[in-house]
Amino acid sequence: MESAKIKEMVSGVNQAGVRDHNERLILSMLQRHGGLPGADLARLTGLSPQTASIILRRLEKDGMLMRGDPVRGRVGKPSIPMQLAPDGVFSIGMRIGRRGADLLLQDFVGTTRQQLHTTYDIAFPDSVFRFLETGLTDLLSDLPGPVLDRICGIGIGTPFELWKWHDLTGPNAENFRNWKDINFAQEVARFSDLPVYVVNDATAACQAEHLFGSNKGFHDYAYFFIGSFIGGGVVMNGSVFEGNQGNAGALGSLRTTGPLGESRQLIDVASIHLLESRLVQVRIDPIVLWQQPQDWSGLMRYVEPWIGETAQELAKAALSVCSVIDFEAIVIDGAFPAPVRDELVARVRRYLVNQDTRGLIAPEIVAGSVGANARAVGSASSPVLKQFFLNTNAGLAR
């Protein structure tokens, strides 16, 4: 399909775009807590019942909310919970990775409707944007008009300073350095009129965990995501905090010490690329680490020592971040099978007991629940977060 045709398909967004504060507040409450009756929403938000009712009717008319099943058993008439309508808003997300990229269509409640994946040896800009352009055709060509009209934007999750993320030489190195001058919005504008939201890929993973994960009881926490390189995110005041330059929670840059006392970064001692290198040394193709569905059971001879070393570094890093902000929890997730994640979390808990915690309140160490797809899911969530939900940290990043 020609680029002009793709533009025509995805340029008809008829959403209200930017919602006012009270609408964002109600939408955020419903996203966080699930379906709630109007009276409960009024109490939780501090709005008057009349104001809450007016907003709910307006959002229902816009197609963003739907009525749930009546709740019976109380005195008086059954209450009708209001909830997010899955078809109320759609978004596109793309995750740019070291070995491949993911592109997905996501609905208002975070369900992935369609997803595409590509692999490459090197993440050159032309390859990545060609995947996005052709992928949009594949994702959108068979969608009905009402769905196309409700796509609110494209979120792109990428490592920041991507041009430094290689060990190439010659023409390949020059081609890769082109990332430094890439304007994502301009590149996408060649084939789509949808607004573009660029987010750090680890921050995107943190957004996915905060919105759709199982740790919604925590209000403030640090989040570690272990992929080819480890990264992270910060949740404060019930929202993901991106910082003035979108780089808050760059936990992979935390300082640590090498075996000879040399200064290292966490990214050098607690990332999956270290496990990749070990497999290469014993002549095992590391592609097995990334194949879906993931199964590392045949590699445990090499995975076990990697878990132990990574857990020790994460235990130290957890206390380092808690010395700056009094986080109630540290959430750990990554691009690995759930049993590997659970064992890593258990080891961090054990190692934390033996760390010097003077002056600190040790955080709770818990497992994330979104998994390997967190960066793509969080990327797709960025346009929705920016346009429809409340950011309680909005006034802090100035």
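Analyst: Buried means under 20% relative accessible area, exposed over 50% and partly exposed in between, computed with a 1.4 Å probe on protein chains only. Helices are DSSP runs of H or I with at least four residues, strands are runs of E with at least two, and both are numbered from the N terminus. This is a predicted model, in which local features need pLDDT of at least 70 and side-chain atom pairs count only at pLDDT 80 or more, while totals for chains, interfaces and linings use all residues. Residues are numbered from 1 along each chain as its sequence is written, and side-chain values use heavy atoms, with hydrogens and water left out.

User: Which residues of helix 5 are buried?

Analyst: In helix 5 the buried residues are Pro125, Val128, Phe129, Phe131, Leu132, Glu133, Gly135, Leu136, Thr137, Leu139 and Leu140. The helix runs over residues 125-140, and its 16 residues reach 22 Å from the first C-alpha to the last, close to the 22 Å expected, where the expected span is 1.5 Å times one less than the number of residues.

User: What makes Cys206 count as buried, and how many disulfides does the structure hold?

Analyst: Cys206 has 0% relative accessibility and therefore counts as buried. A disulfide is a pair of cysteine sulfur atoms within 2.5 Å, and the structure holds zero of them. Cys206 is in no disulfide, the nearest cysteine sulfur, that of Cys322, being 14 Å away. Cys322 is likewise in no disulfide, with the sulfur of Cys206 as the nearest, 14 Å away; Cys322 is buried too, because its relative accessible area is 7%.

User: Why is the pair of Phe108 and Phe388 called edge-to-face?

Analyst: Rings of Phe, Tyr and Trp (its six-membered ring) pair if their centres lie within 6.5 Å, and planes under 30 degrees apart count as stacked, over 60 as edge-to-face and the rest as tilted. The structure holds eleven aromatic pairs. Phe108 and Phe388 are 6.2 Å apart centre to centre with 70° between the planes, which makes this pair edge-to-face. Phe108 lies in the loop between strand 4 (100-106) and strand 5 (112-119) and Phe388 in helix 14, so the pair ties together parts that are 280 residues apart in sequence. Both Phe108 and Phe388 are buried.

User: What are the values for Phe124 and Phe176, and where do these residues lie?

Analyst: Phe124 and Phe176 form an edge-to-face pair, at 6.5 Å centre to centre and 65° between the planes. Phe124 is in the loop between strand 5 and helix 5 and Phe176 in helix 7 (residues 170-177), so that the pair links distant parts of the chain, 52 residues apart. Phe124 counts as buried because its relative accessibility is 14%, and Phe176 counts as buried because its value is 3%.

User: What lines the largest cavity?

Analyst: On a 1 Å grid over the protein atoms alone, a cavity is a set of points where a 1.4 Å probe fits but cannot get out, and lining residues have an atom within 4 Å of a point. Gln106, Asp107, Phe108, Leu211, Phe212, Ser381, Val384 and Phe389 line the largest cavity, whose volume is about 40 Å³. Helix 9 and helix 14 are the elements that give two or more residues to this lining.

How values were computed
1 Å grid on protein atoms, 1.4 Å probe; cavity = no way out; pocket = protein on both sides within 12 Å on 5 of 7 lines; lining within 4 Å. Points joined across faces, edges and corners; volume = space filled by probe spheres on them.
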